[in-house]
Each structure stands twice: as structure tokens, then as C-alpha cells.
Amino acid sequence: MPNTQEVPRTDREQDEIVVVGGSAAGLYTAATLARGGRRVRVLESKPGFEPNPRTLIVTDHFRNQLGASARASILNEIRRFELFTDGRSAQIALSRPDLIIERAKLIPALAQEARHAGAEVSFQSCFLSLSPNAHGLHLEVESSGRREELHAANVIGADGATSRVARTAGWPPVETVPLVQAIVRLPKDCPPDTTRVWFVPDDTPYFYWLIPESPERAALGIIGEGHDTAKRLERFLEKKQMEPLEWQGAQIPVYRRWVPVKRRIGNGEVYLVGDAAAQVKVTTVGGIVTGFRGALGVAQSILRNGRSRELTKLRRELDTHWLIRRTMHHFQQKDYSQLVDLLNLSTRDTLSEITRDESTRLLWNVLRRQPRLALLGLRGLLLGRNVAPRDASSS
């Protein structure tokens, strides 16, 4: 039987905010709250911040969010997209470069910033349960094999798509999809500042991507729905005559509708940030920038007694991405071919100037410059209502 140690309740603990999970969103929340003068403790179940490597692509909003601390994780800059489908192609030059980042470098940089701001980090601390007490919330935690009881004013679940905090506090589970990618040698015909995207609806309702992390290496990946996502990627690698050097993967939340980020339990409040709240752009299944926005919104809500415009704006952003995903999710090859054909010069200029982290502005500007895309989108919505969803049982 593990030892049970009750930590005496102090004024410090009653006012403390506990962040469960040393994720990117969790550490960003912790740093923001600590800078705001709150006492913050981060509970991380692992013995240190050594996350599995994963190459990611983000817009330059990432640099604006993190400032100088972003530099540690940036591997490369992307200035052009190439889109391919059924023998057709289109190029989109970016007025502001996308950034290729390494998650294994990002997490330690965020942890350093959180500590510098005053947050405390407890390693090998596994969250077990929470319940109300007279002052706020009572937590049960296993730390290095010993059970502890902690007390906090607020608890923030930043423990991913399968969040134990969310389940304990009564949130329903979120749907996930598999992301699989292989690190490969960058093809000689692909410039290191260019991302390639292939639309192959027979393989995935999303897309394949090739994102260069250096002049020598790139990540070739797929978002899937079903049991055979990795096998589909293997076949695509063979088709493109690329050899995998290493494999990376994750289960990514799928945003279907806004997940309320706060629940009151007794005299305390529980919040969710990042993947735990499915704060992911469902068009691209990217969640770094939106996760930081959710983290900022929750931190503002706590520091300002419930007031945060950031959460309202984030909800609008995620809903727009969901509308776009619903429109395209059942596209067939001919629909993607028509989409590429409709990308005229003015439309490509819009895609160049406005990033995918400004989806509402991007959507209306694209439709204004190419109205026929609205008809294509409407057809996609109608098709989606009449076609059964693909098998996502492995998600």
C-alpha cells in the first residue's frame, strides 16, 4: 500500500492554482498566471520535460505569442505552399512565413519561462482525483509513489485529449483522430522553404503534407480516420520513393462544437485548456496557436474575475474552421480539382496575406474574390449531410 501524506492546508495553498499537465498550453497558462501575481503549481507526471519529438508547422502568430522564447524551438521558415491534386497544382507565396517548430524544444523553453515567472513545477506527480472542500478544491495526487492531498482555489486541466481532469470534473470525452508522420530526407526537387500538400480523398478526408525542417530533412505526414492510417502513409512513402528515417505520431482532438472551459465544483473552479478542451483548428488539426489562445483566455478569466474577450474570439475562430471542415470533409477528387482550378490570382493573394489563424477574415475575403467557391462549398455541405461519416472507431 502506498503511503498517504496529507499536506497541511495553508493560506498559500488555498490561493494556489494547480495546473495538471506540463503541456504547451498548460505551461503557457502557468507562466501567464504567475506573471499576473498568482501562486501556480504545475503537476507533471513524467520525471522531466523530455517530450517525444514531433515536427510541427505554425503561422507567425506563434512568434507574436511567445516573443523571444519562441526562438529555441524554430527550425525553419516556410515561404511557399504547393498544392497537388489529380495532376493539378497551385502555388501560394506567403507574405509572412510559416514556422517549422520542434515540440521537444518548445516544451522545455515554455517550462523555463513558467519557472522564471514564478511557477513551481512538481515532477512525477500524477493527478488522481478532485473534490470540493470548504475553501476551494481538494486534490489527490500520487508523487513518486506517495499519495498527497493538495488544496487549491482553481485547477486547470492541461493534460491532453484524454484529460483525467476533464473526466473527473464531468466533461464528456472528446473525439480524436490519428496523426502519423515520418521524418524523411528532403527530396532534391523540393526547396527547403516550401511546404507541399496533396489532397487524396480516397486515403484521407484531410491531406498529406511534406514540411521541411532543414535543407536535409522533412516530415511527411497524414491525418487519418480509421485503423489503417499508418499503412496508408507507408504506401504514400513508397509511391513518392521516400524512406522513413523515424516515425512520429499522436492522437489529435477533433473540434465539433465549443467546449465550455469552466465548471464550478463547490467553492472552486476547474478549467480546461489546449487539447483537453479540443482547442484545435479542425481544418488542419493544428492546435499550438489556438491552444495558446485558450490558455491566455483562461488565465485572463482567472485574473480578471471572469472577463476574457480572448475566449469569445477563439470560439468564433474554431467555429469557422469547423464550418470549413464540414464543407470539405466529403470532397471527392473532382471537387479538389475544381478547388485548385478556382484559385485565381486574387484568391491566392488573399491566401498569401491572411493566415489560417484568421479564418473568418480569410474565408470572407476568399469568397469575395472568388464567389464560385461558395457554390463548391455549398455542394460539399449538402454532400456531407447525405454521406455516412467515415469509420473513426480507432480514434
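This is a predicted model: local features need pLDDT of at least 70, side-chain atom pairs count only at pLDDT 80 or more; totals for chains, interfaces and linings use all residues.
H7 covers residues 288–303 and H8 covers residues 309–328. Their axes come within 8 Å and cross at roughly 150°. Angles over 145 degrees count as roughly antiparallel, so H7 is roughly antiparallel to H8. The crossing of the two is left-handed.

Which residues of H7 and H8 make the contact? On the H7 side they are Thr290, Arg293, Gly294, Leu296, Gly297, Val298 and Gln300. H8 contributes Glu310, Leu311, Lys313, Leu314, Glu317 and Leu318. By type, the contact of H7 with H8 has 5 nonpolar, 4 polar and 4 charged residues.

Now the sheet. Strands of a sheet pair through backbone hydrogen bonds, either parallel or antiparallel. Here 8 strands form an open sheet with mixed pairing. If you want to trace the sheet on the screen, the order is E4-E6-E5-E13-E14-E15-E12-E16. At the edges are strand E4, residues 55–58, and strand E16, residues 246–253, each of which pairs on one side only. From one strand to the next, the twist averages 30°.

Helix H6, residues 229–239, lies across E12, E13, E14, E15 and E16. The direction of H6 is at about 30° to E12, which is residues 176–185. Helix H9, residues 333–341, also packs on the sheet, where H9 touches strand E5 (74–85) and strand E6 (88–102). The direction of H9 makes about 85° with that of E6.

Last, two backbone angles. Most residues other than glycine have a negative phi, and most peptide bonds are trans. Where does Asp86 sit? Asp86 is in the loop between E5 and E6, and its phi is near 50°, a positive value in a residue other than glycine.

Ser144 is the other case to look at. Ser144 is not a glycine, yet its phi is positive, at about 55°. This residue is placed in the loop between strand E9, residues 137–143, and strand E10, residues 146–152. Is Ser144 buried or exposed? The relative accessible area of Ser144 is 53%, and the cut-off for exposed is over 50%, so Ser144 is exposed.

Terms used
Residues are numbered from 1 along each chain as its sequence is written. Side-chain values use heavy atoms; hydrogens and water are left out. Axes are lines fitted to C-alpha atoms, for helices over the stretch in contact, and angles run from 0 to 180 degrees between N-to-C directions. Helices (H or I, at least four residues) and strands (E, at least two) are DSSP runs, numbered from the N terminus. Angles under 35 degrees count as roughly parallel, over 145 as roughly antiparallel, 65 to 115 as roughly perpendicular and the rest as oblique. A crossing is left-handed if the near helix is turned anticlockwise from the far one by less than a right angle, and right-handed if clockwise. Contact means heavy atoms within 4.5 Å. Ala, Val, Leu, Ile, Met, Phe, Trp, Tyr, Cys and Pro count as nonpolar, Asp, Glu, Lys and Arg as charged, and the others, Gly among them, as polar. Two strands pair if DSSP finds at least two bridges between them. Buried means under 20% relative accessible area, exposed over 50%, partly exposed in between (1.4 Å probe, protein chains only).
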